Amino acid sequence: SAIDGQSFRASDEEADRVWNDPNCDRTKGSLDSIDWSDVRASVLQFPYPQTMPTVSSVIKRLQKSVELDREATLCPFGVIAVLFFFIKFLIEGAKPQLPAATIYFSLLDSFASGMHP
């Protein structure tokens, strides 16, 4: 079945990643992409908002659309999680940035809504 259930069929490799490697352990030690295993460990080690340095560094990399597209293919749940925490920070941080939160929420929604069997 397609990733969005209709139009954009996931490759066998993408489906394998989603179903068999949701923690993105395959990216451990990666030099070509984000080491999602390291990001996950860091985010699980500290409570929010202490995780924001890690989240912010990933968001900086994802600002480039080529990088975002590649990382969403490699670790869709990682991208979704990082976007969630970044939006939370934009809304609840010391200086709320609601217009930016709206844009990132739209991006999060597009990724998350496309992730169903």
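This is a predicted model: local features need pLDDT of at least 70, side-chain atom pairs count only at pLDDT 80 or more; totals for chains, interfaces and linings use all residues.

The points below go from the overall fold to single residues.

1. The secondary structure comes to six helices and zero strands. Along the sequence the order is therefore simply α-α-α-α-α-α.

2. Burial and surface. The protein has 117 residues, and 34% of them count as buried. Its accessible surface comes to about 7400 Å². Carbon and sulfur atoms account for 59% of that surface.

3. Contacts along the chain. Take the contacts between residues at least 6 apart in sequence: 57% of them join residues at least 24 apart. Pro49 sits in the loop between α2 and α3 and counts as partly exposed, because its relative accessibility is 49%.

4. The disulfide. How many disulfides does a search of the whole structure find? The search gives one, and the disulfide joins Cys24 to Cys75 with an S to S distance of 1.8 Å. A disulfide is a covalent bond between the sulfur atoms of two cysteines. The link of Cys24 and Cys75 is right-handed, with 90° about the S-S bond.

5. Cys24 belongs to the loop between α1 (12–20) and α2 (36–45), while Cys75 belongs to the loop between α4 and α5 (76–92), so the bond ties together parts that are 51 residues apart in sequence. Are the two cysteines buried or exposed? Cys24 and Cys75 are both buried.

6. Salt bridges around Glu67. A search of the whole structure finds five salt bridges. Side chains of opposite charge can pair when their charged atoms come close. Glu67 takes part in a salt bridge with Arg61, with 2.8 Å between the closest N and O atoms. Glu67 also meets Arg70 in a salt bridge, at 2.7 Å from N to O. Glu67 and Arg70 both belong to helix α4 (residues 65–74), where they are three residues apart, about one turn of the helix.

7. The network. Arg70 has a further salt bridge, with Glu71, where the closest N and O atoms are 3.8 Å apart. Through shared partners, Arg61, Glu67, Arg70 and Glu71 are joined into one network of salt bridges.

8. Surroundings of Glu71. Where does Glu71 lie? Glu71 lies in helix α4. Leaving aside residues up to four places away in sequence, Glu71 touches Ser33, Ile34, Trp36, Leu62, Pro76 and Val79. This list goes with a relative accessible area of 0%, which is why Glu71 is classed as buried.

9. Length of α6. Helix α6 (residues 98–113) has 16 residues, so at 1.5 Å a residue it should span 22 Å. The C-alpha atoms at its ends are 21 Å apart, which agrees with that expectation.

10. Which residues of α6 are buried? They are Ala101, Tyr104 and Leu108. These residues cover an arc of only 75° around the axis, which means that they lie on the same side of α6. The face turned away from the buried side carries the exposed residues Pro99, Thr102 and Ile103. What covers the buried residues of α6 includes α3 (52–62) and α5.

How values were computed:
Residues are numbered from 1 along each chain as its sequence is written. Side-chain values use heavy atoms; hydrogens and water are left out. A salt bridge is a side-chain nitrogen of Lys or Arg within 4 Å of a carboxyl oxygen of Asp or Glu. Helices (H or I, at least four residues) and strands (E, at least two) are DSSP runs, numbered from the N terminus. A disulfide is a pair of cysteine sulfur atoms within 2.5 Å. Buried means under 20% relative accessible area, exposed over 50%, partly exposed in between (1.4 Å probe, protein chains only). The expected span of a helix is 1.5 Å times one less than its number of residues. The arc is that of the directions from the helix axis to the C-beta atoms. Contact means heavy atoms within 4.5 Å. Accessible areas come from the Shrake-Rupley method with a 1.4 Å probe; for residues, only the protein chains shown count as cover.
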